[in-house]
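Subject: Structure handover

Hello,

Here is the structure you asked to look at. Please open it before you read on.

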Amino acid sequence: MAAVANMPVSDLLKSFKLKTKQQELLIRVSILCLVYILAFITRLFSVLRYESMIHEFDPYFNYRTTLYLTQNGFYDFWNWFDYESWYPLGRIVGGTLYPGLMVTAALIYRILHFLRFAVHIREVCVLTAPFFASNTTLVAYFFGKEIWDTGAGLVAAILIAVCPGYISRSVAGSYDNEGVAIFALLFTFYLFVKAVNTGSLAWSLASAFGYFYMVSAWGGYVFIINLIPLYVLVLLITGRYSMRLYVAYNCMYVLGMLLAMQIRFVGFQHVQSGEHMAAMGVFFLMQVFYFLDWVKHMLSDTKLFQAFLRITVTCAVAVGTIALGLGMLSGYISPWTGRFYSLLDPTYAKDHIPIIASVSEHQPTAWSSFMFDFHILLFLFPAGLYFCFKRLSDATIFIVMYGLTSMYFAGVMVRLILVATPAVCLISAIAVSATVKNLTVLLRSKNKGVQTGSTKGSSSSKASSKALLDQSQPFQKNGAIALLFGAFYLLSKYATHCTWVTSEAYSSPSIVLAARGAHGSRVIFDDYREAYFWLRQNTPPDAKVMSWWDYGYQITAMGNRTVIVDNNTWNNTHIATVGRAMSSYEDEAIEIMRSLDVDYVLVVFGGVTGYSSDDINKFLWMVRIGGGVFPVIKEPDYLVNGEYRVDKGAAPKMLNCLMYKLCYYRFGEMLTEYGKPPGYDRARGVEIGNKDIKLEHLEEAFTTSNWIVRIYKVKPPNNRW
Amino acid sequence: MSQKSRMAPKPDPQSASNVAAADAAAAQFSMDPFFHILKLVPFSFLRPPRLRLKLPSFSLPSAMTVFSLILLTYFMVVSGFIYDVIVEPPGIGSTQDPATGAVRPVVFLPGRVNGQYIIEGLSSGFMFVLGGIGIVLLDLALDKNRARSIKVSYSIAGISSIVIAYVMTTLFVRIKIPGYLR
């Protein structure tokens with residue numbers, strides 16, 4: 001101790017001084033730690049503003065199943081038949097969901113309880129998505145390191161930590177499959193690219209298990225099982241076949257396929273479904289390549305080999321086509337399902353499947369959605385592609401293909417911007433890293449100016465240009481410094497934009513609505529939860545609630561009552577029955593409701609608050625879906641000259657249908673806005689047509705404080721009349 | 001391994017005759033069963049004419065050709081081409097001036113983030129591609145094997161492209177979304 005105290009301070013500091021390599025490691029680790037924390041905290045806006053609750057619709061189902069899993073154990077969860085939704089059909093939950101998310105959250109919950117942190121499962125569910133987003137940044141760092149170098153890895157981690165395209169589906173509270181699935185997707189891709197680069201069996205096995213996790217987490221695994229064969233095909237075409245590729249793909253495909261069949265929802269689709277046939281085709285093609293390579297190795301005669309090559313390729317292609325044709329004709333191999341087929345042919349859903357076309361997330365993407373979600377990454381993406389093409393390798397070919405295919409799909413469907421985000425961030429990181437490297441090389445070239453002038457290119461080897469080079473050194477260095485500041489400015493604008501978008505656009509729990517009051521104060525509408533808790537506390541436990549399918553999951557999770565249809569939308573006829581009931585006159589509707597044993601009807605109405613996502617605005621979809629199955633319901637009956645109206649000039653069928661009556665019951669006496677007549681609908685901006693509404697078979701049970709949710713009780717049939 | 005990229009069709013008459021001519025000196029030995037069948041069935045009595053045709057051999061395009069094609073596709077995707085095809089918005093919108101009754105054009109579709117007119121989509125897409133090309137030009141400018149004047153002009157073009165693209169894009173977003181960054 002005394003010896004240490006006797007040392008002068010400068011010696012003490014020198015003993016702490018790190019070598020350059022250690023300095024670099026310290027910088028890298030500290031950047032990654034900061035990025036990890038940043039990715040977590042930028043997703044916490046809604047938790048800080050409102051409270052820790054689950055957002056949207058789908059996460060409520062996931063929350064309910066996770067609750068069931070933690071209370072009843074895995075085997076009960078896996079074999080669960082849910083009789084509380086889709087009355088009277090029920091739903092086989094174990095066989096119709098992707099268990100990855102629930103099992104992950106339950107595992108985290110158990111680990112925390114083991115460490116004696118007694119948290120509620122809801123907190124774990126709310127914070128699962130930000131936690132996995134932080135893990136995704138780490139995977140992005142390693143992936144960037146694999147593709148380009150550590151600088152690109154760090155930039156990729158930073159970009160993906162705040163990118164709004166990813167944040168939109170992984171805020172705290174958004175407890176949905178995508179939060180975990182994007183981590184699994186990037187992890188699987190990283191492991192596969194590592195396997196192709198090293199040719200090691202261990203990495204290939206790891207990528208198979210990564211694929212298994214992805215299959216258990218999200219239906220979007222179809223993207224992986226089609227992108228990787230496409231990538232292998234491109235490598236084969238560009239002449240990059242190698243033993244590493246053979247080992248990696250074979251191991252991943254066979255083991256991944258076997259593991260994927262363990263998920264009941266997926267079942268045997270890997271051998272039966274048309275969407276998975278590309279992987280099988282490429283698998284057999286790889287065997288043909290290996291066989292040809294081996295024959296070439298054995299044969300010494302090239303002409304003989306050419307002929308053999310031609311015969312083999314012809315036979316292989318012919319056999320493959322015949323097998324595929326037989327499979328499709330006999331019906332063993334099912335064609336592409338509507339959801340994925342509409343990605344290849346975007347006009348398909350509009351004409352044939354109204355349920356898919358009605359979801360706003362499935363609309364094609366406009367330029368402003370791209371700008372909102374990507375900002376300057378849209379500039380960096382083509383530049384990054386250029387750098388990748390300059391330095392082609394197995395890994396860069398993969399990231400280029402991932403980027404291009406995912407950008408195309410992002411253009412077809414807004415929701416898929418999420419899948420494109422990691423690719424765009426990685427490619428942009430390559431652009432940033434390469435440009436910054438070029439600029440800093442300029443900055444650092446002060447001493448070597450004379451030598452580089454003489455060794456590089458013929459045009460600069462003249463003696464006069466050496467003097468010019470010395471003259472332009474400070475100019476170049478100033479220019480490089482200015483450009484570096486410009487790059488820093490752009491990136492800081494990116495960070496500002498991302499934080500603003502996160503705070504304003506993507507942090508709203510749709511279940512709680514907020515608006516600006518008269519003096520700029522924030523007004524909160526908590527009507528949904530008010531209605532669900534009323535249902536929970538004031539109705540008999542076996543009551544059945546009919547509503548449009550959007551609210552099904554929330555009613556079952558929070559109201560704890562049986563619903564007729566919910567967001568799973570697996571049975572189109574059942575939904576069409578509900579749609580028909582909502583669009584019929586009250587006398588016809590009551591017959592349908594009695595046949596379904598309905599006790600309560602729940603509608604969402606935005607006329608008092610100006611809330612525009614209410615049932616009256618969704619009504620035409622109910623008509624279309626109902627009319628798709630029951631031709632009694634015709635859409636032109638509800639329109640006037642092709643226009644959808646609710647005021648005096650509306651169609652008579654519209655003014656007397658069940659949905660209209662339930663939404664506008666007693667609304668005719670309501671004064672909603674100063675200076676407007678009573679019965680002024682603020683969401684449509686018109687005065688309603690039919691103010692004097694009398695209900696015969698239903699009675700009003702509950703209306704929330706801002707009239708957003710209205711619940712009606714179905715009266716029992718008359719005893720005597 | 002480039003020979004693997006050629007998918008061999010059934011040997012057509014010309015190539016059969018070429019192979020036959022080339023193998024004339026060799027011992028007429030061929031492993032190809034199709035060749036033997038064809039030698040027997042039509043071509044024992046039919047005489048193919050002497051033509052100088054070559055099978056078109058296709059070689060893979062260079063990396064930069066592929067890159068320019070990809071840039072074009074990127075431009076189309078990012079300007080909302082698929083949105084235009086499916087939703088079929090008008091090329092440019094119009095509103096009526098309440099005072100004078102004149103019809104004025106509206107370039108940016110107001111009100112929603114995920115909606116556009118065709119022209120606004122194409123111009124924004126062009127700005128994005130311009131920014132990307134600006135960065136590419138900057139990298140080309142830093143390549144040491146060129147004359148200094150070309151390097152200078154590339155770097156000026158690159159910097160101005162990036163600046164223009166960024167400024168215009170921010171302007172477009174501010175027009176489209178009135179509450180942007182406030």
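Predicted model: local features only at pLDDT ≥ 70, side-chain atom pairs only at ≥ 80, totals over all residues.

Residues are numbered from 1 along each chain as its sequence is written, chains are lettered from A and ligands numbered from 1 in the order in which they are written, and side-chain values use heavy atoms, without hydrogens and water.

**Confidence**

The model scores ipTM 0.83 and pTM 0.86. pLDDT is the predictor's confidence in each residue, from 0 to 100. Chain A averages 89, and 94% of its residues score at least 70. Residues 449-465 of chain A fall below 50; this stretch has 14 contacts beyond near neighbours in sequence. A contact means heavy atoms within 4.5 Å.

Chain B has a mean pLDDT of 81, with 84% of its residues at 70 or more. Where is confidence lowest in chain B? It is lowest in helix α1 (residues 13-22), at a mean of 45, and highest in helix α5 (residues 118-141), at 93. Helices (H or I, at least four residues) and strands (E, at least two) are DSSP runs, numbered from the N terminus. Residues 1-27 of chain B stay under 50.

Look at the loop between β1 (81-82) and β2 (91-92), where A:P88 is found. The peptide bond from A:Y87 to A:P88 is cis, with omega near -5°. A:W86 lies in the loop between β1 and β2 too. A:W86 has a positive phi of about 55°, yet is not a glycine. Most residues other than glycine have a negative phi, and most peptide bonds are trans.

**Charges**

How many salt bridges are there over all chains? The search finds 26. A salt bridge puts a side-chain nitrogen of Lys or Arg within 4 Å of a carboxyl oxygen of Asp or Glu. One joins the side chains of A:D149 and A:K437 (2.6 Å, N to O). This pair links distant parts of the chain, 288 residues apart: A:D149 is in the loop between α7 (121-147) and α8 (150-162), and A:K437 is in helix α23 (residues 417-444).

**A residue in chain B**

B:V106 sits in strand β2 (residues 103-106) of chain B. Beyond four places in sequence, its contacts include B:I92, B:G93 and B:Y117. B:V106 and B:H36 are 70 residues apart in sequence and 72 Å apart in space, C-alpha to C-alpha.

Best wishes
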